[in-house]
Amino acid sequence: MEEAKGANPTRKLKIFIVEDEQRIGRFLEIELQHEGYETAREIDGKQALERIRTEKFDLILLDLMLPGLDGMDVCRGVREFSDVPIIMLTARDEIEDRVNGLDIGADDYITKPFAIQELMARIRNALRKHTAREAQPGEDDKLFIMDLVMYPKTYEVKVAGQEVQLTRREYDLLAYLLANKRLVLTRDQILQEVWGYDYAGDTNVVDVYIRYLRSKIDDVFKKKYIHTVRGVGYVIRE
Ligand code: CA
């Protein structure tokens, strides 16, 4: 499958850079424009949230520590009204922070300092995933195992008719497991497909998210859906 390109012959994709360090903001602006994106910049979190409400952006690069309103609150605020892809930028790199960043609705997380090529890859990945979600498959494309059903068109997940609330990453992970039901998936495969790149060999995040899914599905409905295959990975099956 061909990767989405930054440059588009009909309309340039617009990336909103929310970063209070002028040096980094300017650097990102130059690099993104060089890649064919249109850009806009903002340094204040509160202002940024207002602009996202009123302007059309295709993706948001969101610094964590900002004046006005911090990145976490901006992200949370945006998710109340928009599905626009968000990549958080931060100086911290603990896995807890990474997970928190994603749990509040960010699509991805990158720690500073980062290689610009890695950021570009993540931007393309987030845009591609967003486009795939927007494609809106029909009802026939629902995914299921036993009484667990996922409706990609509406992002609904139900177990025995009861709705389950998942974060975006949990949803993507469950969708990947269901699309490959009864197949054992390695942690590396899951990382590659769900996160879209290699977390430098750090597959802990996969275990963390499997745990989240189990706590919301297996534990609540007292049934085993997600199975661990020791030394290999995970499988969803009857
Ligand atoms: Ca900052």
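## Calcium site

M65 is exposed, with a relative accessible area of 53%. D20 is partly exposed, at 31%. (Buried means under 20% relative accessible area, exposed over 50%, and partly exposed in between, with a 1.4 Å probe and protein chains only.) This is a predicted model, in which local features need pLDDT of at least 70, side-chain atom pairs count only at pLDDT 80 or more, and totals for chains, interfaces and linings use all residues. Residues are numbered from 1 along each chain as its sequence is written, and side-chain values use heavy atoms, without hydrogens and water.

The calcium ion has protein donors D20 (OD), D63 (OD) and M65 (O), 2.1 to 2.3 Å away. Donors are N, O and S atoms within 2.8 Å of the metal (3.2 Å for Na, K and Ca); water is not among the atoms, so sites may look incomplete. D20 sits in the loop between strand 1 (14–18) and helix 1 (22–34), and M65 in the loop between strand 3 (59–63) and helix 3 (71–79), so the pair ties together parts 45 residues apart in sequence. Helices (H or I, at least four residues) and strands (E, at least two) are DSSP runs, numbered from the N terminus.

Three strands form an open, antiparallel sheet in the order 10-12-11. Strand 10 (185–186) and strand 11 (226–229) are the edges, each pairing on one side only. Pairing requires at least two DSSP bridges between two strands. Strand 10 pairs with strand 12 (residues 233–236) over two bridges. L185 has Y234 of strand 12 as its bridge partner.
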